[in-house]
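Please look through the model below with the sequence beside it. The notes that follow are meant to be read slowly, with the structure open.

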Amino acid sequence: MRWSLALAYLALGAAATQAQPAAAIRVTPAAASKKAAYLDGKRPARAAAPRLTGKPPTPVVNLRNTWTDEWMVVELAGKLAVPDDQVDRFLRDHYTNDPTHMDPKLIGVLREAAAHFGARRIEIVSGFRAPKYNLMLRKKGHEVAKDSQHTQGHAVDFRIPGVDVRDLEKWAVDRRKGGVGLYLDSKFIHVDVGPFRRWNGS
């Protein structure tokens, strides 16, 4: 009898436990310690982005001499004159290392080309050509004129990376200023300050 009553009480307790729903578990973040709060107060405030002041930079074109691997920076606007001695030195004959006085209009041609095509770099293939070097090229069968405009400091050969040389030649011809030679295989054009004329070379 006692065992049966005891078993009955145990059964009733188990049933009551199963009928009660399980308690929900809540997780709350730990409160910040006093040390952490102190360190947060010591951190410097994030600086605001600086305001841009003054005028925007002047657009420039970078000229590269393909023979000497020298560079010269020229403003596109052309307001700042490039010293003649720097131009003469930059466009000197690479074979004899001799400079001459280059016609200032040639820098203007390069500026116009860069502005028209949105170029930031122009590669110079030839500037001044000393008469001695010009004669040597003629004897070797190269396509150079006896009285080349290069020997007088009146011509420059150049290309613009990323611009089709035929588009460059068309632009130069449309200017109707000076001579224009297209060297399609060599991928450059010749421009001089002489009378207007045009020709094709290799």
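The numbered points below go from the sheet to its strands, a helix, a loop and the aromatic pairs.

1. This is a predicted model, in which local features need pLDDT of at least 70 and side-chain atom pairs count only at pLDDT 80 or more, while totals for chains, interfaces and linings use all residues. Residues are numbered from 1 along each chain as its sequence is written, and side-chain values use heavy atoms, with hydrogens and water left out.

2. Please begin with the sheet, which is open and has seven strands in the order β2-β1-β3-β4-β6-β5-β7, with mixed pairing. Helices (H or I, at least four residues) and strands (E, at least two) are DSSP runs, numbered from the N terminus, and two strands pair if DSSP finds at least two bridges between them. Strands of a sheet pair through backbone hydrogen bonds, either parallel or antiparallel. The edges are taken by β2 (71-75) and β7 (197-201), each of which has a single partner strand, so one side of each is left without a neighbour in the sheet. On average, neighbouring strands of this sheet are turned by 25° against each other, direction ignored; axes are lines fitted to C-alpha atoms, for helices over the stretch in contact, and angles run from 0 to 180 degrees between N-to-C directions.

3. Which strands does α4 lie across? Helix α4 lies across β1 (60-65), β2, β3 (121-126), β4 (155-159) and β6, and runs at about 20° to β4. Contact here means heavy atoms within 4.5 Å.

4. Strand β5 (residues 179-183) runs antiparallel to strand β6 (residues 188-192), and four bridges join the two, whereas β5 and β7 pair in the parallel sense over five bridges.

5. Is β5 enclosed or open? Five of the five residues of β5 are buried, so this strand is largely enclosed by the rest of the structure; buried means under 20% relative accessible area, exposed over 50%, and partly exposed in between (1.4 Å probe, protein chains only). G179, G181 and Y183 point one way from β5, while V180 and L182 point the other way.

6. The hairpin of β5 and β6 has four residues between the strands, and K187 takes a positive phi near 60° there. S186 is found in the loop between β5 and β6, and it counts as partly exposed at 34% relative accessibility. Not counting residues up to four places away in sequence, S186 touches R159 and S202; S186 and R159 are 27 residues apart in sequence and 9.7 Å apart in space, C-alpha to C-alpha.

7. In helix α5 (residues 131-139), the buried residues are Y133, N134 and L137. Seen down the axis of α5, these buried residues fall within an arc of 105°, so they line one face of the helix, the arc being that of the directions from the helix axis to the C-beta atoms. P131, K132 and K139 are exposed on the other side of α5, and the helix is followed by G141, whose phi is positive, near 90°.

8. T96 has its place in the loop between α3 (84-90) and α4, and it is buried, with a relative accessible area of 19%. Leaving aside neighbours within four places in sequence, T96 is in contact with A130 and K132. A polar atom of the T96 side chain also lies 3.2 Å from the backbone nitrogen of D98.

9. How many aromatic pairs are there? Rings of Phe, Tyr and Trp (its six-membered ring) pair if their centres lie within 6.5 Å, and planes under 30 degrees apart count as stacked, over 60 as edge-to-face and the rest as tilted; by this rule the count comes to three aromatic pairs. The rings of F117 and W171 have their centres 6.4 Å apart and their planes at 65°, so this pair is edge-to-face. The pair links distant parts of the chain, with F117 in helix α4 (residues 105-117) and W171 in helix α6 (residues 165-175), 54 residues apart. F117 counts as partly exposed at 25% relative accessibility, whereas W171 counts as buried at 9%. Another pair, Y183 and F188, is stacked, with 4.7 Å centre to centre and 15° between the planes, and both Y183 and F188 are buried.

Key. A polar contact is a pair of N or O atoms within 3.5 Å; within protein, one must be able to donate a hydrogen and the other to accept it, and residues adjacent in sequence count only if both atoms are side-chain atoms.
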